[in-house]
Amino acid sequence: MKLQLLIVFVLSLDKFPEKSAAENGKVLSITALTPEQVDILRNISSQFETVLWQPASPIHITANTEVHLYVPQERVLDVTAQLESNQFTHSVMLEDTEQLTEIQTRNDTKDPRLKGTSFYERYHNLEEIYHWVNKTATDHANMVKVLLIGSSFEKRPLYVLKLSGRASNTPKKAMWIDCGIHAREWISPAFCLWFVDNCINYYGLNREITEMMDAMDIYVLPVMNPDGYRYTWTTKRMWRKNRSIHPNGVCVGVDLNRNFDANWCTSGASSNPCDDTYCGQYPESEPEAQAVANFLRSHKATVKLYVSIHSYSQMLLFPYSCAHELTANHDELNEMAQDAANDIQRYYRSHYKFGPGSKTIYLAPGGSDDWAYNLGINYSFTFELQDRGRYGFLLPPNLIANACKEALLALKSISLKVIKRI
Ligand code: ARG
Ligand code: ZN
């Protein structure tokens with residue numbers, strides 16, 4: 001009953017007419033070749049209302065690695081002039097972000113031709129996802145339960161779906177998967193929905209899904225950052241953080257993947273509330289991070305596998321990201337990630353890098369995967385889904401299926417290995 005009331009509350013909040021979050025601009029791909037250019041690019045990417053897509057923070061810009069920078073239309077001339085005068089190698093990655101955002105948000109009321117396309121091959125706003133959570137639990141009550149694990153800064157519910165196959169007398173082991181820590185990574189919640197649908201439909205039919213669900217309960221948090229996610233639909237498509245307001249602060253939001261207690265706010269995170277990688281006032285200062293941490297702490301006896309879904313860049317990462325040292329079970333994690341990446345390569349001809357976060361992507365403390373690992377969840381991964389920079393966060397809906405299929409393959413491969421070791 002309580003659950004229904006909460007859902008009604010959230011639905012009514014979302015009833016206000018939604019203006020579009022589409023931002024009109026371009027995404028530039030820029031490579032610095034010299035230390036001087038690195039400095040200039042760091043400067044450019046922190047001014048003119050530009051938004052860094054890759055890497056997540058200016059401090060991670062280095063020589064000879066591609067930087068993806070969103071530039072609002074009215075700044076494109078300024079920025080390209082600066083790039084030209086400093087002899088940068090650069091090209092236009094996305095010509096028209098507004099149009100791509102429009103394609104991502106088309107639905108069957110806007111465009112009746114979409115009526116035939118699958119629900120899971122479209123992106124859904126927060127209201128639709130809450131509705132889906134409720135409906136999925138009602139339609140598959142034998143397999144799915146909804147748990148309320150906390151609420152966001154703006155008091156939206158954080159729902160977890162608990163999927164269970166065959167019942168067992170002894171307490172079952174479990175795996176956890178969260179999506180949508182970062183607001184703009186829309187393929188991530190889309191994957192959680194895809195995954196749940198797949199588990200429900202193929203339980204008893206597909207050997208691997210059945211094995212996975214019989215051996216483990218599966219906890220799925222489809223949108224860990226609902227306030228941020230909603231904001232990307234209504235106001236700013238490029239938003240990454242949550243939407244918390246800090247006492248006497250001018251800037252909004254904390255990077256939830258810098259807010260966990262794992263070398264919190266050391267090098268690789270920012271203590272400036274205006275930055276996209278702001279770590280927050282203290283570890284777990286944010287209700288979203290705290291809710292997840294509390295849940296995992298209280299279920300740590302059973303949860304053996306932690307997976308967090310992000311995008312983009314096609315990587316299978318494992319701890320540590322918060323330090324350069326390797327985990328005690330590094331070889332095991334590396335082999336699991338390698339096998340999963342090989343599977344993806346073989347079946348889908350799609351390339352995924354793998355390795356510890358700190359070496360493969362960048363030093364980034366305060367992440368959920370490192371924290372979960374230190375809690376005692378020995379199998380902990382962060383997946384970065386498609387693509388590698390063709391569309392970035394604006395991955396068109398017709399590419400959702402491929403992105404989800406390959407991630408699902410990796411997840412099956414890893415979880416079946418975990419089952420044998422726990
Ligand atoms: N792109 C992700 C981020 O910047 C990488 C996550 C890897 N794990 C981590 N703990 N940083 O948050
Ligand atoms: Zn992310």
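The structure is a predicted model, in which local features need pLDDT of at least 70 and side-chain atom pairs count only at pLDDT 80 or more, whereas totals for chains, interfaces and linings use all residues. Residues are numbered from 1 along each chain as its sequence is written, and chains are lettered from A and ligands numbered from 1 in the order in which they are written.

The secondary structure comprises 13 helices and 12 strands, taken as DSSP runs numbered from the N terminus (H or I, at least four residues, for helices; E, at least two, for strands). The C-alpha atoms occupy a box of roughly 70 × 50 × 45 Å along the principal axes.

The axes of helix 7 (residues 207-215) and helix 13 (residues 400-421) come within 10 Å and cross at roughly 45 degrees, the axes being lines fitted to C-alpha atoms over the stretch in contact, with angles from 0 to 180 degrees between N-to-C directions. Glu-208, Glu-211, Met-212 and Ala-215 of helix 7 meet Lys-412, Ser-415, Leu-416 and Ile-419 of helix 13 (C-beta atoms, placed from the backbone, within 7 Å).

Ligand 1 is surrounded by residues including Asn-257, His-310, Asp-369 and Asp-370, where near denotes a C-beta atom, placed from the backbone, within 6 Å. The shell divides into four nonpolar, six polar and two charged residues (Ala, Val, Leu, Ile, Met, Phe, Trp, Tyr, Cys and Pro count as nonpolar, Asp, Glu, Lys and Arg as charged, and the others, Gly among them, as polar).

Key. Two residues are in contact if their C-beta atoms, placed from the backbone, lie within 7 Å.
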